[in-house]
Amino acid sequence: MFDNDTAEAARQVQILADVLDDHTISVLEGIEVPHDGRCLDLGAGAGTISTWMAGELVPAGHVDVLDLNPRHIPAHERTTVITGDVTTHEFPAAGYDLIHARLLLMHLADRDQVLARIAAALKPGGVLVVSDWETTHLDEMFVRGTGEVAAAFLAFQQALIGLGEAGGMDSRWARRIPAVMADAGLVGVTAQTFNRVWVGGSAGMLLHDCNSRQKERELLAAGMTLEQLDTLRTAMTNPDVWAWHWPMHTAVGVRPAN
């Protein structure tokens with residue numbers, strides 16, 4: 001949905017890390033992985049989770065990082081960055097102790113089949129962690145601010161998510177992840193939801209500002225006005241404006257040992 005080559009892309013992937021890494025790391029810290037294990041990070045964005053896994057989760061192991069455009073992923077002595085498409089990449093059979101995918105599958109047309117292929121790349125006993133946003137109930141996100149700001153915020157959310165859905169994004173997919181994991185043969189499936197209220201000037205609100213700049217042309221074509229975008233952007237730095245984010249659903253499943 002977003003282009004890693006745009007002027008705002010580096011800022012966007014770093015803000016995403018600021019919003020989501022604490023949640024992701026808290027999940028990964030609860031998973032037992034051999035210190036010399038092999039991990040795979042899919043659609044890695046700024047590479048912050050890949051780097052954390054290489055340094056903390058498998059300090060004597062290795063992390064492969066697959067991204068369609070990995071330009072924002074830093075080098076690390078225990079990571080291998082692969083430029084590739086998750087829908088066509090040939091994964092090694094039973095090759096990984098842990099595979100992580102965040103904000104990736106919700107954008108893919110064949111997401112169920114891709115998840116099954118990814119699951120087959122796990123070693124017996126290996127763990128798959130998938131996180132995606134549910135982008136429904138947009139009218140319930142705004143918490144505090146003027147009526148003008150609330151209207152601009154809702155118009156932005158509806159236009160942005162509409163663009164994503166027109167491009168094949170599934171706003172409700174995240175709730176299905178546990179069932180799709182089970183259908184792919186994974187066991188011990190668990191799931192949790194992360195969300196919080198963000199205030200203007202914090203990462204969760206600055207992400208909306210950044211997204212509005214990356215997609216300005218498309219948002220205007222979808223019916224937003226420059227005045228609405230200006231109102232939104234100013235509000236996203238105002239600490240008196242508060243909003244929930246999209247809820248992130250994270251599911252964890254294990255490939256059977258036998």
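About 40 Å³ of space lies in the largest cavity. Keep in mind that you're looking at a predicted model. Searching the whole structure turns up 1 cavity of 30 Å³ or more. How do you find empty space in the first place? Rolling a probe the size of a water molecule over the atoms shows where it is left.

**Stop two: helices 3 and 5**

Now pick residues 111-120 for helix 3 and residues 173-183 for helix 5. They pack at an angle of about 45°, and their axes are 11 Å apart. That angle makes helix 3 oblique to helix 5. The crossing of these two helices is right-handed.

Show the side chains where they touch: Arg111, Asp112 and Leu115 on helix 3, with Trp173, Arg176, Ile177, Val180 and Met181 on helix 5. In this contact you'll count 5 nonpolar and 3 charged residues, but no polar ones.

**Stop three: helices 4 and 8**

Next, select residues 147-166 (helix 4) and residues 226-235 (helix 8). Which way do they lie? Here the packing angle is about 105°, with the axes 9 Å apart, so helix 4 is roughly perpendicular to helix 8.

Zoom in on Glu148, Val149, Ala152, Phe153, Ala155 and Phe156 of helix 4, which meet Gln228, Thr231, Leu232 and Ala235 of helix 8. This contact has 7 nonpolar, 2 polar and 1 charged residues.

Conventions
Residues are numbered from 1 along each chain as its sequence is written. This is a predicted model: local features need pLDDT of at least 70, side-chain atom pairs count only at pLDDT 80 or more; totals for chains, interfaces and linings use all residues. Side-chain values use heavy atoms; hydrogens and water are left out. Axes are lines fitted to C-alpha atoms, for helices over the stretch in contact, and angles run from 0 to 180 degrees between N-to-C directions. Helices (H or I, at least four residues) and strands (E, at least two) are DSSP runs, numbered from the N terminus. Angles under 35 degrees count as roughly parallel, over 145 as roughly antiparallel, 65 to 115 as roughly perpendicular and the rest as oblique. A crossing is left-handed if the near helix is turned anticlockwise from the far one by less than a right angle, and right-handed if clockwise. Contact means heavy atoms within 4.5 Å. Ala, Val, Leu, Ile, Met, Phe, Trp, Tyr, Cys and Pro count as nonpolar, Asp, Glu, Lys and Arg as charged, and the others, Gly among them, as polar. On a 1 Å grid over the protein atoms alone, a cavity is a set of points where a 1.4 Å probe fits but cannot get out, and a pocket is an open set with protein on both sides within 12 Å along at least five of seven lines; lining residues have an atom within 4 Å of a point. Grid points are joined across faces, edges and corners, and a volume is the space filled by probe spheres set on the points.
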